Amino acid sequence: MNLLPTATSTDVQDRQPRVAVLPVGSFEQHGRYLPLITDTAIACIIGQEIADAYPVHLLPPITMSCSHEHAAFPGTVSISAKTLYAVIDDIRDSLARSGITKLVIINGHGGNYVLSNIVQEANVDGPAVSLFPLGADWDRARDHAGLVSDRHADMHAGEIETSILLHAAPELVRDGNTDADHDGGPRPFLLVQGMSAYTESGVIGYPSYGTGVKGKAVLKSLQVSFAEHIKSLGETTAR
């Protein structure tokens, strides 16, 4: 699987896209069967699905973000919220200098709370940035794909993430997902005590239910849902 876009400068010049798409992932534990790059891979996979269907400028991913709640697990690396904010701000400035003033951020990691603030502030003077997928987009995709679990129960390294990778990048899924289900229950102090207070394995969810067929259906639903985000920015969905 190639996580990086391969368009040339001439390709972009010919297409003249008005909307850029920025995948934001993370580098954090996902149990013993999914890699540290899981969130980045999923954000990139969603980005490619979008680029295949809409007239957008697909950017390479931001691969490290705010994974502080996973700090107790080996391999996890985080950057601060202010650093992530600054990087995206610089990217927006650079895009604007080349004439692209609209941006959709594809968030692959639920802990990137700062992205909502970035979007909120960016749109004060008019629609300029959207965050995708939103909760409603994920819920619609779960229903469309017939997933067994819901977003709360299937929080991390579970059914939906395993399904997407089994479809789009099965080489990234190691043995062990079929017997790793874990119900993390209520998690009122996740931001205080971190993931390790609610799971020993790093998993909160139901990876045993994951299938490539479900993953394909999830991605198709997200591709369709993206049209509303383009429209919210005042742009066309036509290629």
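Q: At roughly what angle do the axes of helix H5 and helix H8 cross?
A: In this predicted model, we're looking at H5 (residues 135-145) and H8 (residues 212-232), whose axes come within 8 Å. Their axes cross at roughly 140 degrees.

Q: Is H5 parallel, antiparallel, perpendicular or oblique to H8?
A: The crossing angle is roughly 140 degrees. Roughly antiparallel would need an angle over 145, and roughly perpendicular runs from 65 to 115. That's why H5 counts as oblique to H8.

Q: Is the crossing of H5 and H8 left-handed or right-handed?
A: H5 brings residues including Trp 138, Arg 140 and His 144 to the contact, while H8 brings Lys 214, Val 218 and Leu 222, among others. Sorted by type, the contact residues divide into six nonpolar, four polar and three charged. As for its hand, the crossing is right-handed.

Q: Which strands stand at the edges of the open sheet?
A: The sheet has four strands with parallel pairing, in the order E2-E1-E3-E4. An edge strand here has a single partner, so one of its sides is left without a neighbour in the sheet.

Q: What is the bridge partner of Leu 103 in E4?
A: Strand E3 (residues 102-107) runs parallel to E4, and four bridges join them. For Leu 103, the partner in E4 is Val 129.

Q: What angle does the direction of helix H4 make with that of E4?
A: H4 (residues 114-122) packs on the sheet. There, H4 touches E1 (19-24), E3 and E4. Against the direction of E4, H4 makes about 155 degrees.

Key:
Residues numbered from 1 in each chain as written. Predicted model: local features only at pLDDT ≥ 70, side-chain atom pairs only at ≥ 80, totals over all residues. Heavy atoms only, no water. Axes fitted to C-alpha atoms, helices over the stretch in contact; angles between N-to-C directions. Helix = DSSP H or I, 4+ residues; strand = E, 2+ residues; numbered from the N terminus. Parallel < 35°, antiparallel > 145°, perpendicular 65-115°, else oblique. Left-handed = near helix turned anticlockwise from the far one by under 90°. Contact = heavy atoms within 4.5 Å. Nonpolar A, V, L, I, M, F, W, Y, C, P; charged D, E, K, R; others polar. Pairing = 2+ DSSP bridges.
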